[in-house]
Amino acid sequence: MAQPTLRFLGATGTVTGSKFLLETGGTRILVDCGLFQGLKELRQRNWEPLPVPPAEIDAVVVTHAHIDHSGYLPRLVRGGFEGPIFCTPATRELLGLLLPDSGYLQEEEARYANKEGYSKHKPALPLYTKEDAQHTLTHLRTLDFDREVELVPGIRAAFHPTGHILGAAFAVLDFEGRRLAVSGDLGGYDKDLMRGPAPLPKGMHYVLAESTYGSKRGADPSVPDQLGATMVPVLERGGVVVIPAFAVGRTSVLLYHIRRMQDRGAFPDVPVIVDSPMAVDSAKIYQRYRHEHNLQLEDAGGSGSLLNPRQTRFVRKPEESKRLNELDGPAVIISASGMMTGGRILHHVRTRVSDPRNLILLVGYQAEGTRGRALLEGKRELKMFGEFVPVKAQVAAIQGMSAHGDSDDVVAWLRTADPAPRKVFLVHGEAGGLRAMSERIVSELGFSCHTPKYLEAVEL
Ligand SMILES: [Zn+2]
């Protein structure tokens, strides 16, 4: 019989599009089913057919709810996939928010492109719709952490926590006497919100490890100190601080830090607006799963909560969101998406980015090709809604707020492997991070390490 093979259909040399196809004994399992984001040549891959028809994939295992790991699912189902999609219970709840929102954004983008006529395709079509996303949710099957399930005859799988976001897991697959661990995204061992990754179970033959922050190590300055130092001067000069933040988890941590600073008298009482219906809904899910993380979010959705800044306002309606463009500073506006690839954050940035009194504050990873990365690299104009907008506002980035661990965390997690795996495959990183990570794994751990290319297949 043919050797089991693993094909890398995404997250090779990039942090998006995670998709790993395991083929063994005539069965096909896809681990993660993410959307490519950022650079145009990456986004175009979302439109190309997969190397195997979706109908010939037997089951999908999703490590966590982030769109770069889950956002291709509706396209897969639309393309004929009929099997089960396994995830943890919290991931299922978060997918219930994220996938329909992603479908809505796809439709919105197509509508906008048609209206403004800036797409080469006439008419521009969405990759999938909100309805496709809702239908996809009916395929989800939950599997609790640390339990095993038979995905299909002969292939077993289990999830273990990675501490990245709520519900985030690494997946362990057992097949034909082999054990494979797929890290998904790893959190850090020393974070405010989530606990660190669980150790690898014994006897892993192969490990796929992420390397988003592969070239970053060492402790960061305290997050509240950085937030205070960057935000307070802007608010004192009457400016608006715009924070693109991923709605799931990070927004709650930001609110928590601002409130603690206010309680110490180190942060002014200014309006703090959370313009993201998803942030409120996801805070409620975090609250229900409080046994899985450190931050206790009693009444997290309410503006009277002791965990929220004093003048917090949650905005749901689109009209109310647009009215915020008239708001005078000082104020803080938190909105999604975190890398400015879409969502309400775009109109906030467009309104505020040309005034030097304001601050655009980046708090998470910014992938190549995203507007967030362009700002981080000091670009003086941003392409938005088909036009170039000059950047005159201050831009700053906070270190240590990412939901990802750094290079030290990945090495510490890999060190839990016992005995040494036959091979570590490095994925979910950009060139510099992958190179640095690979050097450490070889020199410090003595493991054999390979960085696969897009569509590469390896025998296991
Ligand atoms: Zn993630």
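**Reading the zinc site**

Modeller: Happy to. Along the chain, the donors of the zinc ion are spaced as H-x1-H-x97-H-x20-D. Keep in mind that this is a predicted model.

Colleague: Which residues coordinate the zinc ion?

Modeller: His64 through NE2, His66 through ND1, His164 through NE2 and Asp185 through OD, at 2.2 Å. His64 sits in the loop between β4 and α2, while His164 sits in the loop between β8 and β9, so this pair ties together parts that are 100 residues apart in sequence.

Colleague: Are His64 and His164 buried or exposed?

Modeller: Both His64 and His164 are buried.

Colleague: How do I read the geometry around the metal?

Modeller: Start from the ideal: four tetrahedral donors would have angles of 109.5 degrees. Here the four donor atoms around the zinc ion subtend angles of 88 to 164°, and therefore the arrangement is irregular.

Colleague: Now the sheet. In what order do the strands of the open sheet run?

Modeller: Seven strands line up as β7-β8-β9-β10-β11-β20-β21, with mixed pairing. At the edges are β7 (148–152) and β21 (449–450), each of which pairs on one side only. Further in, β10 (residues 178–182) pairs with β11 in the parallel sense over three bridges.

Colleague: Which strands does α12 lie across?

Modeller: α12 lies across β9, β11 and β20, and runs at about 165° to β11. α13 packs on the sheet as well, touching β20 and β21, and its direction makes about 165° with that of β20.

Colleague: How should I read burial along a helix?

Modeller: An α-helix has 3.6 residues a turn, so residues three or four places apart point the same way. In α12 (residues 407–415), the buried residues are Ser407, Asp409, Val410, Val411, Trp413 and Leu414. Their cover includes β9, β11, β20 and α13. Look also at the start of α12, where a side-chain oxygen of Asp406 comes to within 3.1 Å of the backbone nitrogen of Asp408.

Definitions and conventions:
Residues are numbered from 1 along each chain as its sequence is written. This is a predicted model: local features need pLDDT of at least 70, side-chain atom pairs count only at pLDDT 80 or more; totals for chains, interfaces and linings use all residues. Side-chain values use heavy atoms; hydrogens and water are left out. Buried means under 20% relative accessible area, exposed over 50%, partly exposed in between (1.4 Å probe, protein chains only). Helices (H or I, at least four residues) and strands (E, at least two) are DSSP runs, numbered from the N terminus. Contact means heavy atoms within 4.5 Å. A polar contact is a pair of N or O atoms within 3.5 Å; within protein, one must be able to donate a hydrogen and the other to accept it, and residues adjacent in sequence count only if both atoms are side-chain atoms. Donors are N, O and S atoms within 2.8 Å of the metal (3.2 Å for Na, K and Ca); water is not among the atoms, so sites may look incomplete. Four donors count as tetrahedral if all angles lie between 85 and 135 degrees; four count as square planar and six as octahedral if opposite donors are over 155 degrees apart and all others between 65 and 115; anything else is irregular. Two strands pair if DSSP finds at least two bridges between them. Axes are lines fitted to C-alpha atoms, for helices over the stretch in contact, and angles run from 0 to 180 degrees between N-to-C directions.
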